[in-house]
Amino acid sequence: MSFLLRVELPDVPGSLGRLATRIGEAGGDIEAIEIVEKRDDVAVDDVLLELVPGTMPDTIVSACHATPGVRVLWISRYAAGGQLFLDLEAVEELTASPAQAINRLVDLLPVTFRADWAARVHRSDGIMHATDAAPAELPFVEVVRSQRAQRAEIDGDDNNVYAAVDLSDGEVVLLGRRGGPEFLDSELARVGHLAALAVGIARP
């Protein structure tokens, strides 16, 4: 079974190798790693791993915490298969069919950013396009003019962590994770960049 592990670790040589060794000894087989963010002397990595039958996620968490300087930010099952979908692959998909670039962006964001769902929401017309797991009803969320993407909250919903992405023309994309982890500044910058590319492709 695939799991996604988000960890914070020292950004020094050998740190990732030590963590990988501990995970392997605890029964985790690492399939892929992506650096999500670097700040000061700390890195945040997403680690996709398979657990040996009988291994519990708590065992992996304990092994990580036993590694000096490592902190587990999140662990959950990961249903997108045995790989991480990278931004460059998303760009290639967006350019394949320019007229559908914005809807394709919605389809790609969950797997690119390890989220549960995404939806394109119009200020007046409501949901225009959404992935299967998206809620049936979503409000329009105003994005601060100086930003392309931002963290968002929706009244009455304590189950999802949201990012809102401005598409202009009275539209936004909402991206949701059930329970977490919180969207990092680096993720907001990346999703905003992809949204700008999609809009530029679809509305030249």
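## Helix α5 on the sheet

Helix α5 lies across β7, β8 and β9, and runs at about 35° to β8. Helices (H or I, at least four residues) and strands (E, at least two) are DSSP runs, numbered from the N terminus. Angles run from 0 to 180 degrees between N-to-C directions, with axes fitted to C-alpha atoms, for helices over the stretch in contact.

This is a predicted model: local features need pLDDT of at least 70, side-chain atom pairs count only at pLDDT 80 or more, and totals for chains, interfaces and linings use all residues. Residues are numbered from 1 along each chain as its sequence is written, and side-chain values use heavy atoms, leaving out hydrogens and water.

## The sheet

The open sheet has 5 strands in the order β6-β5-β9-β8-β7, with antiparallel pairing. Pairing requires at least two DSSP bridges between two strands. β6 (126-130) and β7 (149-152) are the edge strands, each pairing on one side only. Neighbouring strands are turned by 30° against each other on average, direction ignored.

β5 (residues 117-122) pairs with β6 over 4 bridges, in the antiparallel sense. Ala119 stands opposite Ala130 in β6. Helix α4 also packs on the sheet, touching β5, β6, β8 (160-168) and β9 (171-178). Contact means heavy atoms within 4.5 Å.

## α4 against α5

Helices α4 (residues 101-112) and α5 (residues 185-202) pack at about 160°, their axes 9 Å apart. That makes α4 roughly antiparallel to α5 (angles over 145 degrees count as such). On the α4 side, the contact is made by Ala101, Ile102, Leu105, Leu109 and Thr112. Residues of α5 in the contact include Arg190, Leu194 and Ala198.

Key. Parallel < 35°, antiparallel > 145°, perpendicular 65-115°, else oblique.
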